[in-house]
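Have the viewer open and follow along, heading by heading.

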Amino acid sequence: MKQFGPVASRAAERLLKRWRLQGPEVVQDVYEGALLWAFDAFVDSFFSPGKAEGLERNELLAHLRGLLKQAGTMRLSYFLAPDAHHDGRPSPAAANLTAFRQGVRRLICASLENGGSNLTRSLTTDPDLLEDNVSGYLAAGHDTSAVSLAWAVFLASSDLSIAAALRAEAKSVIGEGPLQPEHVEQLVSTRQVICEALRLYPPAYMMTRVCTGDARLGPHVLKSGDRVVIPTYALHRHRRWWTEPDAFKPSRFAPSASPPDRHLYMPFGAGPRICIGAAFAITELTAALATLFRSARFELAGEPPWPITDLSLRPLGGLPMKITIDGEVP
Ligand code: HEM
């Protein structure tokens, strides 16, 4: 997994360069930047860098964003009752889904024609299977990773001593050169910030299940077909289980601290449907956060952001921050 660290770090450097082009001190939407980073990191991790042409990438990103925007609007009927009035009609997201899947397909075919990629070598060369898998991974992993990076930047920069510690760790572990695979596990404080950001702002703020049989849950009797909501955000901030639940304290995740209960901290879910991208996400987020803090300082430009429940838990109105970048980005 650690081989994905350098890829995510290079994508973060590209983002820094984009910001740096505007000047050494700029106000930018960090969430918007993180969306570009997450897409670059994903495509470069799974397809050999340079083989996915710019045009294909830009088009695919536009379709993906359209799809996620529409998918973020939840149908109330999903939670309450079978849909009596809308059943059978394609959702408005369907058109974007088709265009998105076609874009994924083109990317895969271009990669296969060019001799394959990390993904095709490790998974399969069947374009149908690849299209299904890559579409699923992108839909599940793009916004979740982006929003996690944005919240981590916001939280880390809201505490000057933590921001300084991240910067010092990035400089001592990575040094001036490019991040190497073995650096990822040495970025101990950076990883704690990521874990704490995922506690305070879990992108998947809730999970849902449909009962396949009758069951008992504590005092509740559940019938087959009942819908159950697992409120991850509430569990992560529950006063009964966490000390100072709303405080940003990355040291909760220090190697010396006792790990949180498996079912009270579950940014990646739990059980048989646990996120298959969890290790990838932690690796890429740790590498990216260290790369950003090595070369830049962030300061909130405006009021602290409100989290809102879209497809992921995202900052309402984005995350405008003043970004000061040291010298030239390596
Ligand atoms: C910080 C980033 C991420 C977060 C917070 C996250 C969170 C989650 C959660 C909570 C689930 C379980 C949903 C449930 O049980 O109902 C899940 C499932 C899943 N995630 Fe992630 N995810 C992230 C990144 C990724 C990435 C990068 C990928 C792909 C490379 C990915 C692929 C998937 C897939 C395919 C599933 C469905 C697994 C199944 O149903 O068997 N995720 N994710």
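## Around the ligand

Helices α7 (127–157) and α11 (278–295) each supply at least two residues of the shell around the ligand. Helices (H or I, at least four residues) and strands (E, at least two) are DSSP runs numbered from the N terminus. The shell takes the most from α7, which gives seven residues. In total, 19 residues surround the ligand, and the closest are Gly-141, Thr-144, Gly-269, Cys-275 and Gly-277. To be near a molecule or strand here, a residue must have its C-beta atom, placed from the backbone, within 6 Å of it.

What is the shell made of, by class? It has eleven nonpolar, seven polar and one charged residues. Nonpolar covers Ala, Val, Leu, Ile, Met, Phe, Trp, Tyr, Cys and Pro; charged covers Asp, Glu, Lys and Arg; the others, Gly among them, are polar.

Residues are numbered from 1 along each chain as its sequence is written.

The chain has a mean pLDDT (the predictor's confidence in each residue, from 0 to 100) of 89, with 91% of its residues at 70 or more. Confidence is lowest in helix α4 (residues 76–80), with a mean of 61, and highest in helix α9 (residues 188–200), at 98. Where pLDDT is low, the predicted coordinates should not be read in detail.

## A three-stranded sheet

Three strands form an open sheet in the order β1-β9-β6, with antiparallel pairing; two strands pair if DSSP finds at least two bridges between them. At the edges are β1 (25–29) and β6 (296–300), each pairing on one side only. Five bridges join β6 to the antiparallel strand β9 (residues 320–325), and Arg-297 stands opposite Thr-324 in β9.

Helix α1 (residues 4–21) packs on the sheet and touches β1, β6 and β9, its direction making about 90° with that of β9. Axes are lines fitted to C-alpha atoms, for helices over the stretch in contact, and angles run from 0 to 180 degrees between N-to-C directions.

## A look at Ala-38

Ala-38 sits in helix α2 (residues 30–46). Is Ala-38 buried or exposed? Ala-38 counts as buried because it has 29 C-beta neighbours inside 10 Å; the cut-offs are 20 or more other C-beta atoms within 10 Å for buried, 12 or fewer for exposed, and partly exposed in between, with C-beta atoms placed from the backbone.

Leaving aside neighbours within four places in sequence, Ala-38 is in contact with His-142, Ser-145 and Ala-146, where contact means C-beta atoms, placed from the backbone, within 7 Å. Ala-38 and Gly-141 are 103 residues apart in sequence, yet 8.3 Å apart in space, C-alpha to C-alpha.

Notes
Predicted model: local features only at pLDDT ≥ 70, side-chain atom pairs only at ≥ 80, totals over all residues. Contact = placed C-beta atoms within 7 Å.
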